[in-house]
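Please look over the model below.

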Amino acid sequence: MQQELISGLTEPQRQAVTHMDGPILVLAGPGSGKTRVITHRVAWLITQGISPRNILAITFTNKAAREMRDRVHSLRVPRGSTICTFHSLAARLLREFADHAGLPADFSIYGDADQRTAMRESLKLCELDAKNFPPAKILTRVSGWKNKFLGPDQLDSRELDYFDKVAARLYGVYQEYLKANSALDFDDLLMRLALLLRDDPELRDHLNDRFRYVMVDEYQDTNHCQYQIARGFTVNHSNICATGDPDQSIYGWRGADIGNILAFERDYPQAVVVRLEENFRSTPEVLDLADQVIRINRQRKEKRLFTSKSSGDPCELREYYDESEEALGMAQWIAQMRKDGLQYRDIAVFYRINAMSRVLEEALRRAHIPYQIIRGTEFFKRREIRDMLAYLRLLANPSDQVALRRIINQPARGIGATTVNRLFDHSSNTGGDIWQVLQSLDQVPAINAGARAKVKKFVDMIMKLREQMGSSVERVMKLTYEWSGLAKAHAADESDDPAANVDELINSAALYDTEAEEPLLSDYLQQIALISDADAYNDQAGAVSLMTLHAAKGLEFPAVLIVGLEDGLIPHRRYGGDESDVEEERRLLFVGMTRAEDRLVLSYARNRMVHGSSQAGIISVFLRDLTGLVCNTDTADDGFDDDDDDDGYSQSDHDDVLAECAALARGQLVRHPEFGLGRVQRISNLSDNPKVVVQFNTGACKTLYLKYAHLERIDSTDF
DNA sequence: GGACTCTTGGTTTTT
DNA sequence: CCAAGAGTCC
């Protein structure tokens, strides 16, 4: 068994797997088998007689955790080790030790949308305008403070500018609001656990004793809280194995500190450092190109990536006229990959921002190419799903006002804004819990008899549901759907079938019931709250995968296309323009490129729609002066329908076209045999099969291939 | 009190 | 161009 575990590993991998006590840093390049090292290490420790209960592996996403658990299980060692993310670990421990932390055990977890609602409410309480103080921006500040363990009253107002002073005030109100709701946001989860480890030595010792071997993956992306948590877990034994790659640190913007990994050896002077530099994933061509991109960076530990994989196709760069042609080009490229023998699941397309997925999606649909967009949280943003979850949250945590506000009149049951406000006003005036107010409506004089009856009915319904909470999550959910009236409301809605989505949610609950050791509504909700985009990736689906560069981390595909390599997109335009920010963008591209096993294609468009209007773009600075990149400035021209005119183009007399093109300038008056007089707006794609955009007098604006548009040039002297 | 239209404003990236 | 919030009409 032990032999099996280490046979087939390279020497450095074996070293990392079998190292027993003391700190160890695994500096792992992309595709170097890092995941394998961790899974084998977990299994190895178990074969060395360590109880699985004493092993903790912390991953970056739930998906990574799930995969890792599966792989460890497949190594046929006893189960029971803890493999999860920082956030779910924190949530679990804070529930388990709620009394230590001074928390109710049934707290809600507020994600994105809930945080914004809570901040919006806080703004109202302070009588501030959301326009001057955008909730999202305030929340970013708050997040930064929490990451530094700074509470609202620990901020020195003398050091804050006006905006931050207001933000600091809102921070306090926001925290009060969360507290009244028995809710924690993402940052609270980490901060509370970190503080607990710092301030509760007894509990810290207990946890050090429980988790005697700790592994932290993606250490380069830990923020200060996560760093402190990792330290707190290992103060007594220093059995920490951190793995990561400074070149793949891409979350600086949300507090990740690349310094944590760079300073590991200083924090743990006895640390053994293992370097995994052999790449088992990519061809030399891909690796070489990626290295050309990353080696410009200054804040890094130099690595020599190498591979023994044999030479493959050169990497390719494609230029397109605009984003729809780029999308068309993508579809054609995928078709070509299929002809070359790849499956759809072998192919991935990456982009910098989510907004770019729309055009791509459309092109794939038209070309009948199956695809999956990796946006795990999208499903949970749907109105009907959020409504359902709000009901469940209210069942689990009666103090959850955000949930209550959402569904007290959803579906409409005659409880309007006025009534709701009166109820909440009464609750804040008397300082009582909102749910207590609802249960003793007679105490609220401002509510009239009609409203009272309606609210009473609602409260009774919730109480009846609460009685059912002992049964499976699936059953609670089904009952909620019926009794709340949502099912009835959805049945009438034939437009976008919300009932089907709720069915899907119910299925997920059923799956949870069967998989969880001890199904619990609050635990189910916690899982949902901590779900991430990357979690949606299904490697079994026979579909092309579309995702952001960030979501691509940790994955690999035989063929990869990265689109939108334009200045302003990669690197993304942003205020400041700090040197380190640009380096992070470079790392992001590096991460994307190194996902590719055999084929890597990069593309950019010279025009792109932004806010509904077309803007000119130029190639990314990151791609200038690269060697070994084959440039191909073909636009999409055949294979699929390009909405108008695309027949009969012959490859000959190319030069004539070019000459003709040169004679045309922007603003040139032309005559078209069919459309009449018009003016040239744009000429594109000079190198091959040029196109012109002509604004005709009829009002129509057409994009025409110069080759067969038969435009007649008209000089003003003709008039 | 509730549903609908209109305007506004906003774009990285996410646990 | 799209989503969310706010005003407006019934």
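Strand E11 (residues 315-322) is largely enclosed by the rest of the structure, because 8 of its 8 residues are buried. Buried means under 20% relative accessible area, exposed over 50%, and partly exposed in between, with a 1.4 Å probe and protein chains only. Strands (E, at least two residues) and helices (H or I, at least four) are DSSP runs, numbered from the N terminus.

This is a predicted model: local features need pLDDT of at least 70, side-chain atom pairs count only at pLDDT 80 or more, and totals for chains, interfaces and linings use all residues. Residues are numbered from 1 along each chain as its sequence is written, chains are lettered from A and ligands numbered from 1 in the order in which they are written, and side-chain values use heavy atoms, leaving out hydrogens and water.

**Strand pairing**

Two strands pair if DSSP finds at least two bridges between them.

| Strand pair | Bridges | Bridge partners |
|---|---|---|
| E11 and E18 (residues 629-632) | 4 bridges | Leu-317 and Cys-631 |
| E11 and E16 (residues 596-610) | 6 bridges | Glu-319 and Tyr-604 |
| E1 (residues 24-28) and E8 | 5 bridges | Ile-24 and Val-272 |

**The open sheet**

An open sheet of 6 strands runs in the order E3-E2-E6-E7-E1-E8, with parallel pairing. E3 (82-85) and E8 (272-276) are the edge strands; each has a single partner strand, so one side of each lacks a neighbour in the sheet. On average, neighbouring strands of this sheet are turned by 15 degrees against each other, direction ignored.

Helix H3 (residues 34-47) lies across E1, E2, E6, E7 and E8, at about 170 degrees to E6. Helix H5 (residues 86-96) lies across E2, E3 and E6, at about 110 degrees to E3. Axes are lines fitted to C-alpha atoms, for helices over the stretch in contact (heavy atoms within 4.5 Å). Angles run from 0 to 180 degrees between N-to-C directions.

**Cysteines**

A disulfide here is a pair of cysteine sulfur atoms within 2.5 Å. The count is 0 disulfides. Cys-225 is in none; its nearest cysteine sulfur, that of Cys-84, is 16 Å away. Cys-225 is buried, at 2% relative accessible area. The sulfur of Cys-241 is also too far for a bond, because the closest cysteine sulfur, in Cys-84, is 16 Å away. Cys-241 is buried, at 1% relative accessible area.

**DNA strand C**

Which residues surround DNA strand C? They are Arg-120, Arg-358, His-611 and Gly-612. Near means that a heavy atom of the residue lies within 4 Å. By class, the surface near DNA strand C has no nonpolar, 2 polar and 2 charged residues. Ala, Val, Leu, Ile, Met, Phe, Trp, Tyr, Cys and Pro count as nonpolar, Asp, Glu, Lys and Arg as charged, and the others, Gly among them, as polar.
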